[in-house]
Amino acid sequence: MPYKDILKEFLILLPLSVAVAFMVNHFSPRGIPFFGEWDVSKGVITAKSRNDVVVRELEIKDFFEAKEIFDSGNAVFVDARSPDMYEEAHIAGAVSIPAYMFNEYIIEFTALYPVSTPVVTYCSGRECEDGHTVAQYLIEEGYSDVRVFIDGYPLWFERGFSVEP
Amino acid sequence: MNPEVERLLYHRRTRLVARWILGGTFVYAALHKIVDPAGFAKIIYGYSLFPEYSINLIAIITPFLEFFPGLALILGIYLRSAATIISSMLLSFIVILSINIARGHEFDCGCFSIGEAGHASAVVQLLVRDIFLFVFGVYVVLIEIYTQRKSV
């Protein structure tokens, strides 16, 4: 009966694949836990890997809190999206630091804003982690007051608040 | 069946090429997912088809369900089960892609690299590619069952 032989092969291949999968994931520096955080109502979605950039404590979940900070004029808003998206439209007065081009943009930023400046980063909403990535980079640069406005540009625009150009 | 076509289908080299294409494709596709499980998990989330509790587990296990059967096909061991696993996975990819095409949902396929865009034309290309590979997979399953039965 070939089916018995095929079943035997399955019983080797499948458990081997699953066992190695869990083993590699356990020892890998980029491994992830069995369960991530995929509920946008709780914040930016994340697989919660060991090198995860998402830090819940930095998140501004309440839109009005972000608006209040914006209106106070004390903080600089940092747009972590791509330069194209920034050029198209961004929160009024926001400075562009694309997450994947941080090193190119940070020199000019540090020259303009001392590390004591409160910073609010944002990107394209709760499915985007670039705001968190830039926030972590800025903290590494010495900025101590960094927050992440997790609803980002889409909700800001939707609510009709000031955007540029 | 035309005897020439039949001879070609059963030819050792044809079987070898089919196995290597299928196996090589799956091993290659698995590697970047193994290296970046968090990125792959986000892609699975983007399909909007899986419950939240299953996303990380799928991201951990799936790359190895691609890698080992792919490797088995390249090495020529456990051919029938390896090809069956790969064909089943391809069938599920085809179903997943079709559902997202039908509902007009844009997503990142993540098949061979993170960031493979899921726009309409690209998704249709992906679907055609998966159907092509699925045919290869079914061919390997059937031909290996037949030749091993014949050799018994």
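Modeller: Below we talk through a disulfide, the domains, the chain contact and one serine.

Modeller: Please keep in mind that this is a predicted model.

Biologist: Let us start with the cysteines. How many disulfides does the structure hold over all chains?

Modeller: The general idea first: a disulfide is a covalent bond between the sulfur atoms of two cysteines. Here the structure holds 1 disulfide over all chains. A:Cys123 and A:Cys128 form it, with their sulfur atoms 2.1 Å apart.

Biologist: Which hand does the link of A:Cys123 and A:Cys128 have?

Modeller: That is read from the angle about the S-S bond, which is -135° in this link, and the link is left-handed.

Biologist: Is A:Cys123 buried or exposed? And is A:Cys128 buried or exposed?

Modeller: For this we need a cut-off: buried means under 20% relative accessible area. A:Cys123 has 3% relative accessibility, so this cysteine counts as buried. A:Cys128 has 13%, so this one counts as buried too.

Biologist: Now the domains. How is chain A divided?

Modeller: Chain A has domain 1, residues 1–31, and domain 2, residues 40–164. To place them, look at their C-alpha centres, which lie 42 Å apart.

Biologist: How do I read the contact of the two chains, and how many residues does it take from each?

Modeller: Begin with the residues: 33 come from chain A and 29 from chain B. Next comes the area, and the two chains bury about 2800 Å² between them, with 71% of it on carbon and sulfur atoms.

Biologist: What about charged pairs? How many salt bridges are found across the interface of chain B and chain A?

Modeller: The rule finds 2 salt bridges there. One salt bridge joins A:Arg30 to B:Asp36, the closest N and O atoms being 3.9 Å apart.

Biologist: Which elements give two or more residues to the side of chain B that touches chain A?

Modeller: They are α2 (12–35), α3 (37–46), α4 (52–75), α5 (79–102) and α6 (120–151) of chain B. Of these, α4(B) gives the most, with 12 residues.

Biologist: One last residue, please. Where is A:Ser96 found, and what is it in contact with?

Modeller: A:Ser96 is found in strand β4 of chain A, residues 95–96. A:Ser96 counts as buried because its relative accessibility is 11%. Leaving aside neighbours within four places in sequence, A:Ser96 is in contact with A:Asp79, A:Tyr86 and A:Tyr105.

Technical notes. Residues are numbered from 1 along each chain as its sequence is written. Chains are lettered from A and ligands numbered from 1 in the order in which they are written. This is a predicted model: local features need pLDDT of at least 70, side-chain atom pairs count only at pLDDT 80 or more; totals for chains, interfaces and linings use all residues. Side-chain values use heavy atoms; hydrogens and water are left out. A disulfide is a pair of cysteine sulfur atoms within 2.5 Å. Buried means under 20% relative accessible area, exposed over 50%, partly exposed in between (1.4 Å probe, protein chains only). Domain bounds come from an automatic or database domain assignment. Contact means heavy atoms within 4.5 Å. Buried area is the accessible area (1.4 Å probe) that two parts lose on being put together, summed over both. A salt bridge is a side-chain nitrogen of Lys or Arg within 4 Å of a carboxyl oxygen of Asp or Glu. Helices (H or I, at least four residues) and strands (E, at least two) are DSSP runs, numbered from the N terminus.
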